[in-house]
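Student: I have a structure open and would like to work through it by asking about its parts.

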Amino acid sequence: MTVLQTQGLAAQLGQKRILSDVSVSFSAGQVTGLIGPNGAGKSTLIKALCRLIEPAAGTVQLDGAPLAGYARRDLARRLGYLPQGHTTHWPLCVEQVVTLGRLPHLGPFEAAAPEDARMVEEAMAKTDVLALRDRRVDTLSGGERARVMLARVLASQTPVLLADEPVAALDPYHQLHLMDLLGQLAAEGRLVVCVLHDLALAARFCDRLVLMDRGRVVATGPADQVLAPGHLRDTYRIRALYGAEQDEPYVLPWRRVAASASSNRVRTEVSPWSH
Ligand SMILES: Nc1ncnc2c1ncn2[C@@H]1O[C@H](COP(=O)(O)OP(=O)(O)OP(=O)(O)O)[C@@H](O)[C@H]1O
C-alpha cells in the first residue's frame, strides 16, 4: 500500500523558512484534505511531496524510501501533481494536452498506443471534458481548463494524486463532481492529497484533514476534531456554523473574529457536531 510521509521536514525559499518540522503521513485509500489560511505552506508542502522543492531539513519518503533516491521518471509515474492555477498558452487541443499525461510511460519518441488512447479517453470522460476534446486549451474558460488539467494528471494513472486547490475555479456542480471523483480514486486504492479552502467540502468529502498554519501542522485527524471552533479561530480567525443534513456534517464560515493570544495551541475539543 502506497505511503507518502515527511519527517521533520523544513523548507526554505530564499532567506525565508516556509515549512518547519512537518511530520505527516498520507496513506493510499484515503482522501486527505490539506487546509489552512493563505500562506500557511500548503502549496509548498505539496511541492515538497513531489520533489519540486528539496527539503532544507528532514525527509520525504515514498514507500519507505527517500524521494531523492528515485529517478525523476519513476517519480513522474508514481506522483501526479496538479498545480494551483492553470495558466497555459500552449496552442494545443484538449485531447493533445490530456495525452501529455501519458508521457512518463512512453519511451523517447515513442508514440501513444491504443491503450494510452483508452486511458486518455477515460480521463476525459471522468472530468467531463469529452465535448471539449477538439478545442484549443488557450480558448477555454478557467473552470474548463482546470478540468482538462485534472484529466491530464488522471491520464498518468499515478497511484498518488497531489492536487493543489483543484476546485478553486469550478462551479458547484463540478466541485461536487470532482470531490466524488477523488473519493472514487481513493476507493480504488489511490493516495489522494487535496488542498482545499472550502471547509464544507473538506468536512464532507475528506477522510482526514491536515490543518496547517505558519509553516507547521497544527492538527490532523477527522473533520470533527480538526475543524473544531478553537482551531478555526486560531488559524483562520473565523467562527463557523455547524450543522448536519441527512447525517452528513457541514460547516459554514460565518464571521471573522479576533485571533486569540493562544494561537497554534493544539486543542482537544468536543466534536462541534455532537450537540
Ligand atoms: N519563492 C518564494 N520565495 C519566498 N517566499 C515564498 C516563495 N513561495 C512562497 N513563499 C511564501 O511562503 C509562504 C507559504 O506559501 P504557500 O504558497 O505554500 O502557502 P499556501 O498555504 O499554499 O497559501 P495559499 O492558500 O495562499 O495558496 C507564503 O508566505 C509565501 O509568501
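This is a predicted model: local features need pLDDT of at least 70, side-chain atom pairs count only at pLDDT 80 or more; totals for chains, interfaces and linings use all residues.

Student: Which element gives the largest share of the shell around the ligand?
Tutor: The shell includes Gly36, Gly41, Lys42, Ser43 and Thr44. Two elements give two or more residues to it, strand E2 (16–27) and helix H1 (42–49). The largest share is three residues, and it comes from H1.

Student: How many residues of the shell around the ligand are nonpolar, polar and charged?
Tutor: Glycines such as Gly14 and Gly39 belong to the shell, and Gly counts as polar. Lys counts as charged, and the shell holds Lys16 and Lys42. The division is three nonpolar, seven polar and two charged.

Student: Is H1 largely enclosed or left open by the rest of the structure?
Tutor: A residue is buried if 20 or more other C-beta atoms lie within 10 Å of its own. Among the residues of H1 that are buried are Lys42, Leu45, Ile46 and Leu49. Seven of the eight residues of H1 are buried, so the helix is largely enclosed.

Student: Which strands stand at the edges of the six-stranded sheet?
Tutor: The sheet is open, with mixed pairing, and its order is E6-E7-E8-E3-E9-E10. A strand at the edge has a single partner, so one of its sides is left without a neighbour in the sheet. The two edge strands are E6 (79–82) and E10 (216–221).

Student: In E8, which residue is the bridge partner of Leu162?
Tutor: Strands E7 (residues 160–164) and E8 (residues 191–195) run parallel and are joined by five bridges. Leu162 lies in E7, and its bridge partner in E8 is Val193.

Student: What angle does the direction of helix H6 make with that of E8?
Tutor: H6 (residues 172–187) packs on the sheet. It touches E3 (31–35), E7 and E8. Its direction makes an angle with that of E8 of about 155°.

Student: Which residue in the hairpin of E11 and E12 takes a positive phi near 50°?
Tutor: E11 (residues 238–245) and E12 (residues 248–256) run antiparallel, joined by eight bridges. Arg239 stands opposite Arg255 in E12. The hairpin has two residues between the strands, and the residue with that phi is Gln246.

How values were computed
Residues are numbered from 1 along each chain as its sequence is written. A residue is near a molecule or strand if its C-beta atom, placed from the backbone, lies within 6 Å of it. Helices (H or I, at least four residues) and strands (E, at least two) are DSSP runs, numbered from the N terminus. Two strands pair if DSSP finds at least two bridges between them. Two residues are in contact if their C-beta atoms, placed from the backbone, lie within 7 Å. Axes are lines fitted to C-alpha atoms, for helices over the stretch in contact, and angles run from 0 to 180 degrees between N-to-C directions. A residue is buried if 20 or more other C-beta atoms lie within 10 Å of its own, exposed if 12 or fewer, and partly exposed in between; C-beta atoms are placed from the backbone.
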